[in-house]
Each structure stands twice: as structure tokens, then as C-alpha cells.
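These are my notebook entries on a structure that I had not examined before.

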Amino acid sequence: MMTIIVAVAVILVIIAGSQLLKIAELRAQSKGELIYEVSEKEAKFQGILMLVFFISFMAFFAWQMCSWYGLRLPVSASVHGVDTDWLTGLTYIIITPTFILTNGILFFFCYKYSYSSTRKATFFSHSNKLEAAWTTAPALVLTVLILYGLSSWNAIMTPIPDETDHITIELTGQQFTWTARYAGEDKKLGRSHVTLIEGVNATGVDADDENAKDDKIVKGEFHLPIGMPVQFVFRSLDVLHSAYFPHFRSQMNCVPGITTQFNFIPTITTEEMRKITNNEKFNYVLLCNKICGAAHYNMQMDIVVESQEDYDKWLAEQKTFVE
Amino acid sequence: MTTVTVENINYKEEIRRKTSKPLMWMGIVSIIMFFGGLTSAVIVSQGGGSFLSIEMPFSFTISTFVIILSSLAFHVGLISINKGSYTIAKISVLITLLLGCLFVVTQYMGWVALYESGVYATGNQSTQESSFIYLLTALHVVHLIGGLVSLIVVLVKTMKQKYSLDNSLGMQVSITYWHFLGGLWIFLFFFLRYTIA
Amino acid sequence: MSTHHHHAKDFLFTYIFSTDHKMISKQFLVTGFLMGFLGLIMSTLFRLQLGWPGESFEMIEMLMGSWQEGGVMSPDKYLALVTMHGTIMVFFLLTAGLSGTFSNLLIPLQIGARDMASGFLNMLSYWFFFISCMLMLASLFVEGGAASAGWTIYPPLSALPEAIPGSGAGMTLWLVSMSIFIVSSLLGSLNYIVTIFNLRTKGMSMTRLPLTIWAFLLTAILGVLSFPVLLAAALLLVFDRSFGTSFYLSDIYIGGQVLDHTGGSPILFEHLFWFLGHPEVYIVLLPALGITSEIISTMSRKPIFGYRAMIGSMMAIAFLSFIVWGHHMFLTGMNPFLGSVFTFTTLLIAIPSAVKVFNYLTTLWKGNIVFTPATMFSVGLVSTFISGGVTGLILGNSALDINVHDTYFVVGHFHIVMGLSAIFGMFAGVYHWFPKLFGRMMNNKLGNIHFWITIVCAYGVFFPMHFLGFAGVPRRYYTNSEFPMFNEMIDINVFISICAIIALVGQLVFFFNFVYSAFRGPRAPQNPWKGNTLEWTAPVEHFHGNWYGEIPAVYRWPYDYSKVNAAGEYVYGEDYIPQTTPLGDDEKDGGEH
């Protein structure tokens, strides 16, 4: 019944609309006008609307900044993150005025130069000076951004050298869970391969490898000591995943068949971050950021950043691989 | 609505005359990009370093000579059309067609030889390079079959003496494609030889 | 009896298997819009889930059946809808729908040709497109549902039905459909390029081509160079899925067992895919920019500012688009040096883009802007091109990309800069060339309403997404409710979803206007917008061959609007001088006084 009523209503609206259009057309005709010709009044009106739109757009932008900008990620909890956040900020300082100004000019021109039967448009077809100016200006700005960005990028992507004190953690993604493996006292991860997966050995660690014997496997949550460089090695057992640590401004894909790497130095403990965010329940999380199947939206693992002593204590409680 | 036709202008013939060859060339460009994608896939895969070498079957070498000969024969056909000697043209196009078929046969023999020597296209005994060698050669043959079809058309038209000095566009387009296929094979042959084999 | 038979045959070859470029253009337009509308409905459906996760919409169950059991969408159906939405919008609406419509309509008409280089290939192009549409839609109804691996179909997810049900029959159909689509697109592109190079009328030199034609030419070149590579990528995927090869697959443990595949690499697929995928962005965008250039110039009654710079920047964009694909792959473990190279090339694209924007602004400056719906959408395009473009500076910079990669920030960015810009360009084109397509005029008032609803809601949908990105919300999540840190985001999602629903309703205004005007709109005069280009010298009625008698010759560039002589009077009494008007003794061509 409901369906029929809706259908009838829709049909009536369409018929009414058609009739109205026809009437409008006939009325214009009787006045000797053409309905599709834009009158000066109409053009003026649309020009004003353009200006109104721009002002509302900016108001909308400001409103969003007030109500939603506060929801952004808290201050970076890694060393390199502070650096990239700074560059992000710099980029915003460049692009926000650009965005506002160019949009403003666009809509202002639309308002200012809307059609008038008395005015002549200016025949102005090119100017080498102007074009050179707006080729060079972006080029200069970009040079700064590119140079700064590349130096950050190379610093971030360089693996931690062996002689620097660090810990190594392997993160293995599979539908829809993460497993962390600590390299243990020898600081070397044992070999692993999918063909070795068997029973409790869910990530296929090679039990015959000397380096693997002291490896520690944890699930659910893993801990990091503050101020210590962490070298992550990523694997995937099935499809592509992406290990995304939003609070540490870090991300790397996990690719079946090969290992990938990323490293960062955590700088803020979970406790401190709880104070910063004013949220007692705050937890660092690792989430999956590459579509990996139906439960992709819930592939997560908690991260706890704590003092070196707490970390050592926690790690000592974890069982080694052979146990 | 009434249908209006443009009188006295046979524009379709003019368009055909102007655009047949460029169309063929653009088609060739897209085929080059297709094989370019596949061959760069071979190179990117090789970056992994797990490639073993496969011995190229001898009949692929024969294929190379066959296809070069067929291109020459086709060219002789076009020259004789221009000179007006239809008998030689007919024989040349026929030879081209036969050599084209022979090419397919030698390709097939090559695959048999590969299979016999334990190089498989698919399955768990196959490797990437063994799959690629079948795939690239087979895709070339697929394109070659298109060439053979056009050769048959050209042969029929030559038999009927449809071509002449100033009316051999169809044949020229077909010959362009055929030379391209020859060049593509020679490229693939050396590419496979120096990357996979 | 025999006349009846003739009528049937006429109908078949006039409307169905037509080889006339104008009819093929209309076929592309209608098919593309229908596909696009389906894509829009899909997006609204998954916006319902994102705005009100887990809530039951029983009304929708009536429509969607098992896709919405109990009125709630399941996670794998959600992913299927996301995938189909992306595929349909990018390929079917904005590639085939946009290029297919306007390249077909405008290339012969604006360069002065009687038809495309090959009407037959052109017809094949449409019918391949049609078949591929049907196969793509059919994939919604197969076991396991439609492809669900995202429109980028990265293996192994897209290769393994064990990983997600949509990678079974649905993915097979996706690949078949896309292969046919690629063939269609290639046939179209070959035709466009050859037509532009070989069939220009007398006097139509390359530097007298309207910018639309330049844009279509560069688009077609991009298509010919990049689509075959996607075909190669898809072919290898087909082999991996169905014939047991290992091009992309290696060391996979799924469903309790280790698969046979060894030695392949999914990264290879990403390289091949994005070698197409990035040029594809410009295949979508360039025609829209071309259309806008033409409309902004015509409707502000001014020559386009910097004609040569516009061509140069389009060429630069087209060239650069081939060497930036790696910026989609910064986080795949690629060599950091390669990442640096791709950052450099990517950010370079900002320069020609900025040139285009400033040239548009200068074209409007001191113009006399006639606000038809086409003008409004062109202005909208410039706005979205700016708003979406600036955030590219963040995403293209590899160090900054780390934190926003695959978040809603990206979704916001590319929807605004590529999705909205392209669809605005397409709407602008439809409003502007409707008289050429259907011989009737669209209604301006409804068009203006359509524009305002669309631009307000479009910004309402995509602008807030940047804020989701700041909070680190990943894209392609069925719901954000599993993470306490995303709990507060629900307000933003509700806001976005409401805007999306209004936007959908707003499009109905357009469809009504379109259908009504096509059949009952006022009859169009030959040159309703007082344009200079050749299509306005052709008769309104459609027939094979486009012009009665000789094709007009061309004597000047297409942008002589408001050209005045020393006395400040219009040179020929009107504020426009068609390209067919011979140059006067004291006149210079190409915008020189």
C-alpha cells in the first residue's frame, strides 16, 4: 500500500513539474523572451549567490575547525612524528591561505563580473609576465616542501644501524589479527616461513634456528620501552595488510612473501598520554589500514609504552618460543 | 524526424583513405604498451632474484627465420602489385600465409619441447619464468592469428585482382601489421633469451 | 509490410547499431549516467551504514533483499558496495561516460570532420562498453557477491576466494568486464587520436584547436598508453586465479593450509595497476578541464587566458602522470630513493595545475559572465580543483603521506579533486552541449537549483572527511565503533551521510530536467550561446555527415570573444567572431590585437 502511495505521489510530482515548466516557457514566449536566455537580473542574482556561497563555505570551514579539529590525533608520540607534524603544519600554513584566497577570488569575480548588457568584456588573451609569475611562485614553494620532505623521508626510512642500541620486533598480520615477536636477548629474529606453521606455532617460526629459541611471541597487546629505537619487521601470512600506528605517525604495508621495515622511537608513555588527552582509558593502538577482508575494520592490537624498568619486567614474564 | 543524407559527397571513402594506416599505427602502439607491460613485469619479477634459466627450444630459432622470410615474401607481393604482375603477387601472398601457419606450428613445437624438458606453464612445478615464457609467446600467437585472418582477406582480394598501383591500401595496412608482428617476435625472442633463458 | 520492415531496420541502425558519432555519443551519455546513478545509490547505501552503524533500515531491505538482511548491511556486502561504487564511478561514469560522450560528440564537430575515423570501430567501442556494464552489474547477483577487494583489486585479496567471498565468481566477472572495458576504451581512443590528427578541416591547425579537443587528444593518448598495461595486469591476475600460476602470489597461509604459490609478488601488481591507475586520474580529469576551459571562455565572453600555457600545462600534466605512479605505493617497502623520486615528480604536477587555476581566474577577470548552469558547474569545477588540489601537497610528500595514507584524508582529497571536478565538468558539458545533443534546451532554473544542491552537499560530504583523516580514521572500515578513539567521530559521519542523501535527491532534479528537456524542452537555435567553435555552424538536426555541402573552413583561433578595434567597437558588430570568419586586413590571429 505504502509503495503504491509513494509511486503515485512521485508520478504526480513529475507531471506537475512538467506542466510548470511548460507554463513558464509559454509565459516567456508571450513576453517575447526566450526562456533559456539569462537575463541581467538573473545573472546578478546568481552572482550574489556565488558570493553568499563563498561566505557560507568559509563559515562552514571555520565551524568545522572549531567543532572537529579538536578530534585530531594527539601530539606525536614518536621522535620523527614531531618532525613530520611540523612539516604538515608548515604545509597547512601555505595551503590554507591559498585555498581561501583563490576560492575567494574565484567567487568574487563571479559576483563582480556577472553579466551586464552595457559592459564590454576585456579582450585579454595572454601575458607572459603573469604566466611566468605563477609558474615560478609555486615552483619556489614546492622546492622548500620537497627538500624538507625528502630529508625527513630519508631519515625515517633509514633502518637503525646494528651498533645503535635498539629492540627488534616482528609484526605478523593475518586475517584478522596481529602477532608480535620480540627478538629476545640475542637481538636477532629467528627465521620463519609459512610452511612451518603448525599448531601453536601460528606464524611459522623455525624451531631449528638458534636465533629463534629466545624469541618471544605475544598477542593481544605488546609493550615498548620509552626512548628506545624500535626496529619493526613486518610480515603477512595471507593478504596485504598495513600496520598503522596513528599516534606514532608510522605506517608500513605487510606483504606476503617479503618483509618490510619501519622504525621509530616512542617518546611518551601510555600514562603520560592519558594525562595529555585527559582520557583515563586512552590506549595506543596498532590498526590494519589495507583492505584485508570482512573483519578488516576490527583488526587491532594494543600498544603499551612504559618505562624501561616496567618494560623489562613485562618482557621477563613473557615466555620464549621454545617454552 | 526525417533522415537527411548528404548528397554527392562520398566522405566515407575519403575518411577511410586518410585514416586506415594511422589507425593501424595507433593499434600497434597499444599492442606495444601491452607487451611493454608484460615484459616490464618480467624484469620487475626478476628483481626478486629467484630466476632459474630455461633453455630456449630450437624451434623458436626456426620460428624467427620463418617469420622473417614471410615478411620478405609479403613485401615481394606488394612490389609486384605495384608493378602489375598479379601472378607473382598471388604466389607471394600465398607463401606468406603458409609461412605464417608454419610459424604457428613451430611455436607449438617449441611449447611441446619446453613441456618435455619439464618447463610447465602452470601448477606447482611451474615458476614465474616458465609461466612467462609460455604466456608471452602464446599472446604473440594470439595477435598473429589476427594477422593470418587479414592475410586471408588480402589473399582473396589479390586472387580477385582487387588491388592496383593506386589502390592497395588494405594490403599496405595488413603488411604493416605483419611486419610489426615479425618485429615483435624478434624482440620477444631476444628478450626471453637474455632475461629468462 | 515491406515498409514496416524498412522502418524496423532504420530504427535498428539509427538508434541501436549506429555508426554516427552523435548517436554513439548519446548512447555513451545515457549508459554512463545510468551507471553513475547506480554508483551514487550504492554510495548512499553504505553511507547509511557509516552514519548509523548497525541500525536497521527495513525500508531498504525491501529493495536490497539478502544484501541488507534485517535491514543491516553485512561487512562483506559493505566492501562489495564500496568496490563497485569505485569501479563504476571511475571507469564507467567518468572514463567511458565522460570521454565517450564528449569526445564522440565534439571531436568531429569542432575540428570539422564528417565523422570519426572509423564509425564501425566507434560503434564496437560503445557495444563493448555496454557489454562490460552488463557483466559488471551481473556480478552483483552471483554467489559470494560482487568483487570486494576495493576498486584497486590488490591481490592476494582479489585472488583468493578463501580470503573474501567476493573474490570468487564476482571477481571473475569483474576481470572479464574490465578486460572488455579496456578494449572498448582503446577502440575509442585510437579513433579520437586518428580523427584529430587526420581529419581536421581546412585551416584548422593544431594551434587553432579548441582546448576541449586538446584535452580529448591528450586523454586519448594517455588511454592508449596506459590501458593496455592494466590489461596485462588483469591477465596475469586471471592466470593466478584460475590457472595456478604465481605471478602475484607467494608464501600464503590461509584457511588452515599453505598454498602452492611461490615466488610471486603482489607489489608487481601494484606497479602495473598504478602505471595505469595514475594516468587514469587524468583520463578522468583532463576532459573535464577541457570542457570547462571552453565554457568559461565562451560564457564570460572573453578569450581563454593563456591558450598556449593551457595546452602546455595539460601536456605537462599528461607527461608527468606517467612517472608518478609510485606515490600510491610509498608504504609498500619500496626503496626509499625511489620514494624520493616519486615525491619529486608528484609535487611537480602542482605547477601546471596552479597555472591552469590562475589562467581560469584571469579569464573570469573583467569578463561579462553569463550564468547558465554550464557556467555555474564550470566555476564549481575550478573551486573543487583548488580545494582538492591543495591537499595533494600533503599526500604527495612521502614523509607526510605516512600518516594520512589510506585514511579518510585521501578519500576526501581524491573525491574533491578528481571525482567532483570530473563530474562537474561532465554536468557543465551536458548543460552546454545539450542543444547539440538533443536539439532542445534544458531548463536553466532547474539547472541552477541542481548546481546549488550539488555543490553545497558535495562539499558537505567530502570536506569533513579531512577531519576524519586528521583523527587517523582509516578508509574502507565497515564501522568505526570497534575503536574507542573513533567514538566521537560519529557526529561527522552522521553529518556526511545526511549531506549524501540530500545530494542524491538533488540529482533527481537533474534527471527530471534531462528527460523532460530531451523530449519536450524548447527547440534549440543553431548557436544558443553565441559560441565561436565549428559545432555551432552545423545544423541543429542530426544526420550523417554533419554539414550540408562543404565543410566550413577555419580562419582563426576559437577564442575571439569581445574583440574590439582601435575605436573600441566590436570588430564585426557582435561580441563573438566564429572561427569561420576570415581574418580582416588589420587583424592578427591567436589573441593578438
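This is a predicted model: local features need pLDDT of at least 70, side-chain atom pairs count only at pLDDT 80 or more; totals for chains, interfaces and linings use all residues.

Residues are numbered from 1 along each chain as its sequence is written, and chains are lettered from A and ligands numbered from 1 in the order in which they are written.

**Entry 1: chain A as a whole.** I found six helices and ten strands in chain A; helices (H or I, at least four residues) and strands (E, at least two) are DSSP runs, numbered from the N terminus. The radius of gyration of chain A, taken over C-alpha atoms, is 30 Å, well over the 20 Å of the globule rule (2.2 Å times the number of residues to the power 0.38), so the chain is more spread out than a compact globule. Along the principal axes, its C-alpha atoms fill a box of roughly 95 × 65 × 40 Å.

**Entry 2: the open sheet.** I traced five strands of chain A in the order β3-β2-β1-β5-β8, with mixed pairing; two strands pair if DSSP finds at least two bridges between them. β3 (216–219) and β8 (260–264) of chain A are at the edges with a single partner strand each, so one side of each lacks a neighbour in the sheet. Strands β1 (residues 167–174) and β2 (residues 177–182) of chain A run antiparallel and are joined by six bridges. Within β2(A), A:Trp178 is the residue opposite A:Gly173.

**Entry 3: a hairpin.** I saw β6 (residues 241–245) of chain A pair with β7(A) over five bridges, in the antiparallel sense. Four residues separate the two strands of this hairpin, and A:Arg249 in the turn has a positive phi of about 55°. A:Ala243 faces A:Met252 in β7(A). A:Ser250, A:Met252 and A:Cys254 point one way from β7(A), A:Gln251 and A:Asn253 the other way, and all are buried.

**Entry 4: a helix of chain C.** I checked helix α7 (residues 211–242) of chain C, which has 32 residues. Of these, 29 are buried, so α7(C) is largely enclosed by the rest of the structure. After α7(C) comes C:Gly244, with a positive phi near 75°.

Technical notes: The expected span of a helix is 1.5 Å times one less than its number of residues. A residue is buried if 20 or more other C-beta atoms lie within 10 Å of its own, exposed if 12 or fewer, and partly exposed in between; C-beta atoms are placed from the backbone.
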